[in-house]
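Hi,

Here is the structure I said I'd pass on. Have a look at it first, and then read my notes below.

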Amino acid sequence: MKQARNDVTAPSDADARRRIAPVICYPVDTLPRPDLAAYQAARDGWQKVDEVIVPPRDARCFHVPAGCFFRIVSIEGPQVGDLNLWAADDLDERFFSGKTRALHGTHLSTGDQLWSSLPYLRPMATITHDTLDWYGFDEYGGSVHDVIGTRCDPYTHRLLSGHEYHHCCHSNLTRSLADRLGRPKEQVEPAVHDVLNVFMCTGFTRDTGQYFMKASPVRPGDYLEFFAEIDLLGALSACPGGDCSTEHSSDVAVCHPLLVEVYGPKAPPQGWTSPPRSGYSRKHED
């Protein structure tokens, strides 16, 4: 973490260097934007085609065909979820939280898209509705649905506590993917990746820049809704931290199930086509 160090002397122009204005790394003026009005119109007359209950401190997989919608719903009490997405026919193409963060910011909401990993780099899903959009950013700099944190995992847990814990989101996602594919856990574990922290309220401390969490504002009935731009295999973990108000990985925190609902529209959004993978030639020439 960044702290003031008395053993380092500041240069005479230190204040001037600090006052240099920032530059946005990835200007998105030319980024193709989804037609949200068309997406929302496609919801008229849709039908629920599947639903999956995700038990507390566990995970479940689900499938969403391209052109369909899915929701992650709070149903019993405040609970955060860790979301992984893969192209349904290729686990190598997976959600790229880092590039999504670079393009859309630290916390996502309606109109933002979840981008896939290199060399594919295309929108996997578009957020079409967020009932927590009202929250914005609070006085601490916290907001919901972050692409900052990686996911709670048993390796970091052991590093910091010396103990083994098998219901971290990483382990939950690993088990659910192994069960879905009928493959050994150690074989599928490398496919588990950094997440969208659904409903989680997070930010960075002003003084040390440390990642923080606080009680999620989510309540039963709240949901985050997506449109599947490609055929998706998803996995969602109901985090063992519950609403993440106290502990990150714990058998003490109060935890609740989450619901995944999949909806099929009568017709795709007007003008929509599933996006192709990146057109970069991959020559990487000198």
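**Pockets and a lysine**

Let's start with the second largest pocket: its lining is made up of Leu31, Pro32, Arg33, Pro34, Tyr39, Gln113, Trp115, Pro123, Glu229, Trp272, Thr273 and Pro275. Sorted by class, that lining comes to 8 nonpolar, 2 polar and 2 charged residues. The space inside this second largest pocket is about 190 Å³. Keep in mind while you click around that this is a predicted model.

Next, the largest pocket, which holds about 280 Å³ of space. It has 17 lining residues, and those nearest its centre are Arg151, Cys152, Asp153, Thr156 and His248. Helix H4 (154-161), strand S9 (196-204) and strand S10 (211-214) are the elements that each give two or more residues to this lining. Its class count reads 7 nonpolar, 7 polar and 3 charged.

Last, one residue I'd like you to look at, lysine 99. You'll find lysine 99 in helix H3, which covers residues 97-104. Does lysine 99 sit buried or exposed? It's buried, and yet it has no salt bridge. The nearest side chain of opposite charge belongs to aspartate 194, 13 Å away, while a salt bridge needs the charged atoms within 4 Å. If you leave aside neighbours within four places in sequence, lysine 99 is in contact with Tyr26 and Leu121.

Cheers

Methods:
Residues are numbered from 1 along each chain as its sequence is written. This is a predicted model: local features need pLDDT of at least 70, side-chain atom pairs count only at pLDDT 80 or more; totals for chains, interfaces and linings use all residues. Side-chain values use heavy atoms; hydrogens and water are left out. Helices (H or I, at least four residues) and strands (E, at least two) are DSSP runs, numbered from the N terminus. Buried means under 20% relative accessible area, exposed over 50%, partly exposed in between (1.4 Å probe, protein chains only). Lys and Arg count as positive and Asp and Glu as negative; His and the chain ends are not counted. Contact means heavy atoms within 4.5 Å. On a 1 Å grid over the protein atoms alone, a cavity is a set of points where a 1.4 Å probe fits but cannot get out, and a pocket is an open set with protein on both sides within 12 Å along at least five of seven lines; lining residues have an atom within 4 Å of a point. Grid points are joined across faces, edges and corners, and a volume is the space filled by probe spheres set on the points. Ala, Val, Leu, Ile, Met, Phe, Trp, Tyr, Cys and Pro count as nonpolar, Asp, Glu, Lys and Arg as charged, and the others, Gly among them, as polar.
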